[in-house]
Amino acid sequence: MPAEPAFVIVGASLAGAKAAETLRAEGFDGAVVLIGQEDQYPYERPPLSKGYLLGKESRESVFVQDSDAWYAEHQVDLRLGTTVTSIDRAGRRVGLAGGESVPYDKLLITTGASPRRLNVPGADLGNVLYLRTLPDSERLAAALHRGGRVVIAGAGWIGLETAAAAREFGCEVTVVEPEPGALHRSLGPELGEVFADLHRSHGVTFRFGEGITELTGSGTVTGAVTSSGEELAADAVIAAVGVVPNASLAADAGLEVDNGILAGEALRTSDPDIFAAGDVANAFNSLLGRRIRVEHWGNALAGGPIAARS
């Protein structure tokens, strides 16, 4: 008697969790294994820079499914705190850090992205903060609760959202951005200026056309030197300079990778049994007639079900 088909999802993210949910909701009765490197249940990321960061939403509210009960009831084998180290495409198995391997018939990669690190002297000082994970949000909230002077590298979405949160906590906020305006690459100069003016009206200072060249301090950051040569006093620095797709696992397995894992409109990769969704997928968009990698909550929310159906 043949073994039941197995769908393995690498990345216990919003996209991964929604794929597992869709598989069960639409009748797949084979094995579903959802593997996550973090030790948290799959969660949504927008609250990390908004309601949860500000203490207005509970920790439980960010989770896609709020307990083990859902995963057990729907027979989803959820493996948290587990790192996938390799994909054996010929043997159709994923290797885990502890030496175990998990067989698959179909594989979905939803490993997301990681914050781009500041590459300047002093970047390893204390209170240089990033925002991507639930623990990141908790560390940032603790720093903002202390008040003081906050310098933010980057005037993209995360930079502006953390600027708004910092002002709500009463911090003095300066945003340093090499582009000529806020959200310049996302929205262009006109709409970007609308957002910048909104933040200025709430007390945020912008330094456009400047980058951060050095962070100063002894053990903990105390200042940020800009490309103009001026040093800005800082009790905390938030690095919001973009993300890098977590595509190395796919690249090591020989999948086609270019600014993420290359995928078609149905989110199938260069291997017909492997799919990719969410921030890590550079997928074909029929409206644009080309591939595009979208870093957005809505993309993960829709991408997981699309991959599951594919």
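The model is a predicted one, in which local features need pLDDT of at least 70, side-chain atom pairs count only at pLDDT 80 or more, and totals for chains, interfaces and linings use all residues. Residues are numbered from 1 along each chain as its sequence is written, and side-chain values use heavy atoms, with hydrogens and water left out.

I then followed strand 10 and strand 11, which pair in the parallel sense over five bridges. I took strands and helices as DSSP runs numbered from the N terminus (strands E, at least two residues; helices H or I, at least four). Two strands count as paired if DSSP finds at least two bridges between them. Strands of a sheet pair through backbone hydrogen bonds, either parallel or antiparallel.

The sheet is open, with five strands in the order 9-16-10-11-12 and parallel pairing. I noted strand 9 (128-129) and strand 12 as its edge strands, each pairing on one side only. Helix 4 packs on this sheet and touches strand 10, strand 11, strand 12 and strand 16. The direction of helix 4 makes about 165° with that of strand 11. For such angles, axes are lines fitted to C-alpha atoms, for helices over the stretch in contact, and the angles run from 0 to 180 degrees between N-to-C directions.

I checked the length of helix 4 (residues 157-168) next: its twelve residues should span 16 Å at 1.5 Å a residue, and the end C-alpha atoms are 17 Å apart, which agrees. The expected span is 1.5 Å times one less than the number of residues. Within helix 4, I listed Gly159, Leu160, Thr162, Ala163, Ala165 and Ala166 as buried. Buried means under 20% relative accessible area, exposed over 50%, and partly exposed in between (1.4 Å probe, protein chains only). The cover over these buried residues includes helix 3 (134-145), helix 6 (189-200) and strand 16 (236-239). Contact here means heavy atoms within 4.5 Å. Just after helix 4, Gly170 takes a positive phi of about 90°.

I found five of the five residues of strand 1 buried. Ala6, Val8 and Val10 lie on one side of strand 1, and Phe7 and Ile9 on the other. Strand 1 pairs with strand 2 (residues 31-35) in the parallel sense over five bridges. Ala31 in strand 2 is the bridge partner of Ala6.

Helix 8 has 13 residues and reaches 19 Å from its first C-alpha to its last, close to the 18 Å expected.

I read the order 4-5-6 for an open sheet of three strands with antiparallel pairing. Strand 4 (84-88) and strand 6 (101-103) each have a single partner strand, so one side of each is left without a neighbour in the sheet. On average, neighbouring strands of this sheet are turned by 20° against each other, direction ignored. Strand 5 (residues 93-96) and strand 6 pair over three bridges. Arg93 stands opposite Pro103 in strand 6.

**Rings**

I searched the whole structure for aromatic pairs and got five. Rings of Phe, Tyr and Trp (its six-membered ring) pair if their centres lie within 6.5 Å; planes under 30 degrees apart count as stacked, over 60 as edge-to-face and the rest as tilted. Trp70 and Tyr71 are edge-to-face, 5.0 Å centre to centre with 85° between the planes. Trp70 is buried at a relative accessible area of 15%, and Tyr71 is buried at 3%. Phe206 and Phe208 are stacked, 5.0 Å centre to centre with 15° between the planes. Phe206 is buried at 12%. Ring pairs link Tyr41, Phe63, Trp70 and Tyr71 into a cluster.

I also noted the charged end of Arg117 over the ring of Tyr130, 3.7 Å from its centre. The criterion is NZ of Lys or CZ of Arg within 6 Å of the ring centre and within 35 degrees of the ring normal.

**Thr216**

I placed Thr216 in strand 13 (residues 212-218). Thr216 counts as buried, at 16% relative accessibility. Leaving aside neighbours within four places in sequence, I found Thr216 in contact with residues including Leu125, Val225 and Glu231.
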